[in-house]
Amino acid sequence: MDPVVKTVPGDLPLKRIRRHIIGRGQRFFIATAPGLENLCIDELNGLPGPQNEAIVGTGGIEFDGRLTDGYAANLHLRTANRILMRMAAFKATGFRQLERKLADLPWELYLNPGASIKVHVSSRHSRLYHTEAVSECLHESIRKRIPLNPAATTSGQVPCGLFVRAADDRFTLSIDSSGDPLYKRGIKTHPGAAPVRETLAAAVLKWSGYDPGKPLVDPMCGTGTFSLEAALIAKKIPAGWFRDFAFMQWPGYHPNPWGYLKKRAHGGMVQVQRPLIFASDSSPAAVERLTGCVNRAGLSDAVAVSCRDFFDFSPKDVTDQTGLIVLNPPYGHRIGSRRQSRSLFAAVCEKLKTTYPGWSFALMAPEETFIDQRSLEGRRIPLHHGGIRLKLLIGKVASQAGS
């Protein structure tokens with residue numbers, strides 16, 4: 001380990017940062033929602049640059065890469081929740097041993113003087129099970145090397161996230177490169193009663209085989225997550241295009257490599273000739289909010305928003321092609337009752353059969369709903385959404401006889 005270097009603002013050990021952070025390969029961990037790991041590793045393998053030895057595990061993916069590969073993963077991955085960069089791994093069975101290990105870490109290479117930090121500790125089958133004590137030990141170790149800002153919440157400064165995982169007396173330390181969870185695309189600011197997260201919406205679109213060259217109908221759009229996510233895909237806009245990331249506050253961050261990544265991504269974006277994404281809702285307020293969001297993000301060439309009731313709407317009103325319809329009806333958990341949810345689900349299935357023959361569909365509903373309803377057949381995929389166990393039903397509506 002390098003000797004301790006006392007640093008002050010403007011006097012960071014630039015050579016050491018280049019040698020240990022920028023120039024050296026790093027180990028990254030991509031946290032995903034349960035069941036999205038394989039989709040995410042497919043995305044990762046499609047990125048430019050080396051993603052060496054990517055391994056799918058429970059809760060996410062680990063891969064080796066340069067610092068800029070971590071930047072690219074934050075920018076492009078649609079199904080990732082958060083991307084951590086590994087800092088150290090060691091064994092500690094007591095606090096004195098933990099203190100010694102932490103004292104060896106060159107914190108000044110990862111944190112700027114005056115940074116604020118937020119420590120997340122988990123412990124399983126370890127003798128150091130007191131998570132608050134572990135967190136304080138980490139704080140004290142950092143304070144001995146660089147000054148910290150304890151008033152992050154009052155100053156509005158976004159704290160740097162440090163993750164400590166202890167399992168069987170083995171400690172893994174990571175620094176958060178994302179900041180806000182990655183489902184926060186930086187586009188949608190309007191609230192909703194039960195919105196689908198953008199990462200889950202991206203997964204649903206992937207599983208259902210969404211083709212940007214064909215129509216997509218989002219007839220219970222609510223906050224418009226499916227339509228906005230589909231628009232980003234159709235226009236080839238990276239998931240993180242509209243937001244900033246925590247790595248921009250690291251000592252090793254330099255705007256030039258990040259600017260190059262964004263310039264290359266910008267060169268791949270496309271303009272859409274006419275909207276093929278049709279979002280609608282029976283709530284005028286929801287439609288107004290989504291329309292404003294679409295316009296502000298420059299997505300109006302891809303998305304057309306209208307105020308319509310699902311049961312009064314026909315896809316023939318907007319397109320003469322078949323495509324994909326995505327639906328996330330109320331479940332009776334946050335909106336309506338469970339009895340209403342089952343009744344609505346049955347009505348939705350009947351509407352699909354009569355109005356959308358030949359269309360592909362993606363329909364989300366609680367597991368128990370599928371026990372009673374079998375009017376639509378297709379592949380069933382388990383989902384986790386806000387603590388609710390759901391099933392995604394994907395398939396194709398049978399064409400009507402004689403049509």
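Thr-68 is found in helix H3, which spans residues 67-76; helices (H or I, at least four residues) and strands (E, at least two) are DSSP runs, numbered from the N terminus. The model is predicted, so local features need pLDDT of at least 70 and side-chain atom pairs count only at pLDDT 80 or more, while totals for chains, interfaces and linings use all residues. Residues are numbered from 1 along each chain as its sequence is written, and side-chain values use heavy atoms, with hydrogens and water left out.

**Thr-68**
- Thr-68 is partly exposed because its relative accessible area is 32% (buried means under 20%, exposed over 50%, partly exposed in between, with a 1.4 Å probe and protein chains only).
- Leaving aside neighbours within four places in sequence, Thr-68 is in contact (heavy atoms within 4.5 Å) with Pro-257 and Leu-261.
- The C-alpha atoms of Thr-68 and Gly-25 are separated by 10.0 Å, and the two residues lie 43 residues apart along the chain.

**Ser-174**
- Strand S7, residues 170-176, contains Ser-174.
- Ser-174 counts as buried because its relative accessibility is 2%.
- Beyond its neighbours within four places in sequence, Ser-174 has contacts including Leu-84, Met-87, Gly-161 and Phe-163.

**Nonpolar cores**
- The largest nonpolar core has 96 residues, and those with the most contacts inside it are Trp-107, Leu-111, Phe-171 and Leu-173 (a nonpolar core is a set of buried Ala, Val, Leu, Ile, Met, Phe, Trp, Tyr and Cys residues joined through side-chain atoms within 4.5 Å).
- A second, separate core of 18 residues includes Phe-310, Leu-352, Trp-359 and Leu-376.
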